[in-house]
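Hi everyone, thanks for coming. Let me put the structure up on the screen, and then we can walk through it together.

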Amino acid sequence: MFGFNKIHFILYVENQQSSTVFYEKIFRKKARLNVPGMSEFELADNIVLGLMPNAGIAKILKDKMPTPETGTGIPRCELYLYSDQIDSEYENVKALNIDIISPLQDMNWGDKAFYFADPDGHIIVFAQKINRI
C-alpha cells in the first residue's frame, strides 16, 4: 500500500520571527524548532507545520517560478485544523485581536468552524466535527 509516514507542510512567510510568534499564540505553544530559515510546530503525531522565509525559498526557486513575496497578503492556501475544543480556540483567537473572517458557526458540511488569516494572508480554519454527513 502506498502511503506517507510523516506529513510536513511549509508556509512561506515574509517575516519568520513575527510569523513564529503569531503561530505560537494561536497554537498556545512554542515552536519545536526556531532557527534562521525554518520554524516548526508539531501539530499532531507525524504532522508538522513549517514556516520558511520567502527569501529562503526564493534561493531554491531561482528564476524557475515567481517568488512567494509577490503574493504576500493574497490568500495562497487554507490550513484547515480540527480541534475538540473549538469554543476555546475561538475565544483565544478573539482575545488575540486577530480579525475574524468568518465567525464560529455550524457549516453545512458537518463542521463548526471559523476562519481568520495569518500575517501573510494564509487562511486558517479551526473546526470541530459536529455530525457525520
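I'll start with how to read the model, then go through a helix, the core and the strands.

This is a predicted model, so local features need pLDDT of at least 70 and side-chain atom pairs count only at pLDDT 80 or more, while totals for chains, interfaces and linings use all residues. Residues are numbered from 1 along each chain as its sequence is written, and side-chain values use heavy atoms, with hydrogens and water left out.

Let's begin with helix α1. Helices (H or I, at least four residues) and strands (E, at least two) are DSSP runs, numbered from the N terminus. Helix α1 covers residues 16-27, which is 12 residues. From first C-alpha to last, α1 reaches 16 Å, close to the expected 16 Å; that expectation is 1.5 Å times one less than the number of residues. At the N-terminal end sits a cap: a side-chain oxygen of N15 lies 3.1 Å from the backbone nitrogen of Q17. After α1 comes R28, with a positive phi near 60°.

Which residues of α1 are buried? They are Q16, S19, T20, F22, Y23, E24, I26 and F27. Buried here means under 20% relative accessible area, exposed over 50%, and partly exposed in between, with a 1.4 Å probe and protein chains only.

E24 deserves a moment. This residue of α1 has a relative accessible area of 16%, so E24 counts as buried. A polar atom of the E24 side chain lies 3.1 Å from the backbone nitrogen of A31. Leaving aside neighbours within four places in sequence, E24 is in contact (heavy atoms within 4.5 Å) with K29, K30, A31 and F41.

Now the core. A nonpolar core is a set of buried Ala, Val, Leu, Ile, Met, Phe, Trp, Tyr and Cys residues joined through side-chain atoms within 4.5 Å. The largest one has 21 residues, and Y23, I26, F27, F114, F116 and F126 touch the most other members. Where does the largest share of this core come from? From α1, which gives 4 residues. F126, again leaving aside neighbours within four places in sequence, is in contact with residues including I26, F27, L81 and V93. There is also a second, separate core of 6 residues, with M107, I123, V125 and A127 among them.

On to the strands; two of them pair if DSSP finds at least two bridges between them. β4 is largely enclosed by the rest of the structure, because 6 of its 7 residues are buried. β4 pairs with β1 in the parallel sense over 7 bridges, where F9 has L49 as its bridge partner. β4 also pairs with β3 (residues 38-44), in the antiparallel sense over 5 bridges, and there E42 stands opposite V48. The β3-β4 hairpin has 2 residues between its strands, and N46 in the turn has a positive phi of about 70°.

Finally, 4 strands form an open sheet in the order β5-β8-β7-β6, with mixed pairing. Its edge strands are β5 and β6, each pairing on one side only. Within the sheet, β6 and β7 pair in the antiparallel sense over 4 bridges, and Q105 stands opposite A113 in β7. And α1 comes back here: α1 packs on this sheet, touching β5, β7 and β8.

That's my tour, so please go ahead with questions.

Terms used
A polar contact is a pair of N or O atoms within 3.5 Å; within protein, one must be able to donate a hydrogen and the other to accept it, and residues adjacent in sequence count only if both atoms are side-chain atoms. Axes are lines fitted to C-alpha atoms, for helices over the stretch in contact, and angles run from 0 to 180 degrees between N-to-C directions.
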